[in-house]
Amino acid sequence: MSSLLWLLPGLPIASGAMLLLARRAERGAPAAGVLVAMVTVLVAVMAAITRPALTFELFAGFEAGLAVDGLSAVMVVTVSMIALAVLVFAAGEIREARGRFFGLMLIFVGAMLLTVTATDLALLLMAWEVMGAMSYALIGFWWQERERVRSGTLAFLTTRAGDLGLYLAAGCAIAGTQSLALASLPSASAPWRDLVTAGLVAAALGKSAQLPFSFWLSRAMAGPSPVSALLHSATMVAAGAYLLLRVVPLLTATGWAAPLVAWIGALTALLLGAVAFAQRDLKQLLAASTCAQIGFMVLAAGVSNVAGGAAHLVAHAAVKSLLFLGAGAWLTALGTKQLAELRGAARRYPLVGATFGIGAVALAGLSPLSLWVTKGAVLAVVEDRALYAVALAGGLLAAAYAAKALMAVWGPADVEHCSGERVGPLHRVPLPPLAVLAAALGVVGFPPLFDAWTRLLGAPGPGPEPGELALSGLLAVVVVAGVSLARRRLTASVESRSFLSGWLRLEPIAVTVAWRPLLAAARALARFDDRVVDGVVRAVPCMGMALARRARSPFEAGVDGVVRGTASSVGRLGTLARRPQTGQVHTYLAQAMVALVLLALVIVLVR
């Protein structure tokens, strides 16, 4: 069975890499991508049933592992099914660079599957990084347009800032437990346990676009619609919430992390809900609503409600992928995503309009659809009254922004006079199944099935109370009715508030507080490097050359003089030795006679 664990992330990753490398894969890439996604769904279902697990030594002394337990079983099936629906839609959406697009999407899906099955920080970190890199490439898919690439870069850098926490967590986990296993983290000694928790919380909040990192999700809208649908529903943004649900025992053990996470989730649900209501762009509205809805999952992790958080995650994945695919279909057909220009779009494209309507009603929290129940399941265990009130207000804002989107697309048909393309069959195919899931997944929150749901996850907890469900459903109806009655005046009043429509000005704040100081520090360090460090390096050889020139004058002059004097003496001796060599025989005879006479005199004198 362990082969299933290798095959589950390995199949999409290997197939995606082949599509990226194969130059002639353009025409067959959509079919290959969909086929791989279908096989991945089968593998995920088999893994969810058989629950395989394996461990191996990744580094010397450190074991890594993959496993499918209750929580990851739900996630692998969710990720693979949503990916299949999105890739079918993309097969009718993407017209250029198909090999690159489907290759990146498959690797993205494989990285998410590896993330949810990893049982240690090393594999989790690897998958986390691959997912971040793929999101950068997919958001900037149309790389010829500078603004899209800039948006991808900003989203990548923002999430990377949070990802540094994962590196901190891994290092502190080794120091505190001599292990990288997620299960061993709660047993880490102080202060390592707190540092590990802080790192994981920062990484999760960054990935899930919670406060104060939320603004990067607005930038992520620069990518193609299928990327938005997958990123917002079942992969990257959900990964942070999943990680927090996975490490609930660690959050609880620290004493401070659980309340912090719960409040950040509730405040994100409230504030980003207001941001969603203030948007004029449908995709921006949906993006802000993703932050808000993920906030409920983060809140669930903070109050140790794994069953409620997982139910909301799965139901939200179906709802949000459905809504983004519907928005993408209209964007392709009508060329606009502005709410004012989409009036009548649902009437003109009935299937897209009907399924989008189901998703919007579910997002609003109206009974009996999915998010009404799962949101109630999350709130069921919130004991802090202030926290409950903030989260409930966030839920009511969900009704407001969902009603705004719904009434915009089902409003008077302004687009009747606009030219537009037809919505293709591949655009329509995934919408009905997703609509069924968006409507029905809430059944896991009803009392008869909630116990089975908690046993499946291995995370017992109380289910939603009927009274609370009835109250939240009634309040959602009241909010929807109020928005419909005062829509124009209320919407105009909120949209005029640039603070909300500009995503709480989080991006300018981040640029002012973090980006510019970091750039200034980088420039200062660069100048220090150029002028001080490099200056010292360049000064050393200059000083050596100067010392050499100075030392050469007195010393080399003497040495050179001896050498030149010796050579001159040898030369003069050679000149003297050449003079007897005249080439005349009588001269040589005279020289020989003189030499003999001198030799005779010497002999006589010596004797």
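Guide: This is a predicted model. In the largest cavity, helix 17 provides the largest share of the lining, with five residues.

Visitor: Which helices each supply at least two residues of that lining?

Guide: They are helix 17 (370–379), helix 18 (385–409) and helix 22 (466–485). Among the lining residues are Leu371, Trp372, Lys375, Gly376 and Leu379, together with Leu392, Leu396, Ser472 and Ala476.

Visitor: What is the volume of the largest cavity, and how do its lining residues divide by class?

Guide: The space in the largest cavity is about 110 Å³. Its lining comprises seven nonpolar residues, four polar and one charged.

Visitor: How many cavities of 30 Å³ or more are found in the whole structure?

Guide: The search finds four.

Visitor: What lines the second largest cavity?

Guide: Its lining consists of Gly376, Leu379, Tyr388, Leu392, Glu468, Leu471 and Ser472. Helix 17, helix 18 and helix 22 each give two or more residues to this lining. Here the largest share, three residues, belongs to helix 22. By class, there are four nonpolar residues, two polar and one charged.

Visitor: Let us turn to open spaces. How much space lies in the largest pocket?

Guide: The largest pocket holds about 550 Å³ of space. Its lining has 18 residues, and those nearest the centre are Thr158, Phe215, Ala510, Val511 and Trp515.

Visitor: Which helix gives the most to that lining?

Guide: Helix 25 does, with nine residues. Helix 25 spans 506–578, and both this helix and helix 6 (146–177) supply at least two residues of the lining.

Visitor: And the classes of residue around the largest pocket?

Guide: The lining has 14 nonpolar residues, two polar and two charged.

Visitor: Now the packing. How many residues are in the largest nonpolar core, and which have the most contacts inside it?

Guide: The core has 196 residues, and those with the most contacts inside it are Leu121, Leu200, Trp216, Trp330 and Trp453. The helix that gives the most to this core is helix 14 (residues 306–334), with 18 residues.

Visitor: Take tryptophan 453. What is it in contact with, leaving aside neighbours within four places in sequence?

Guide: With those neighbours set aside, tryptophan 453 is in contact with Val74, Ala307, Ala310, Ala311, Val314 and Val444.

Note on methods:
Residues are numbered from 1 along each chain as its sequence is written. This is a predicted model: local features need pLDDT of at least 70, side-chain atom pairs count only at pLDDT 80 or more; totals for chains, interfaces and linings use all residues. Side-chain values use heavy atoms; hydrogens and water are left out. On a 1 Å grid over the protein atoms alone, a cavity is a set of points where a 1.4 Å probe fits but cannot get out, and a pocket is an open set with protein on both sides within 12 Å along at least five of seven lines; lining residues have an atom within 4 Å of a point. Grid points are joined across faces, edges and corners, and a volume is the space filled by probe spheres set on the points. Helices (H or I, at least four residues) and strands (E, at least two) are DSSP runs, numbered from the N terminus. Ala, Val, Leu, Ile, Met, Phe, Trp, Tyr, Cys and Pro count as nonpolar, Asp, Glu, Lys and Arg as charged, and the others, Gly among them, as polar. A nonpolar core is a set of buried Ala, Val, Leu, Ile, Met, Phe, Trp, Tyr and Cys residues joined through side-chain atoms within 4.5 Å. Buried means under 20% relative accessible area, exposed over 50%, partly exposed in between (1.4 Å probe, protein chains only). Contact means heavy atoms within 4.5 Å.
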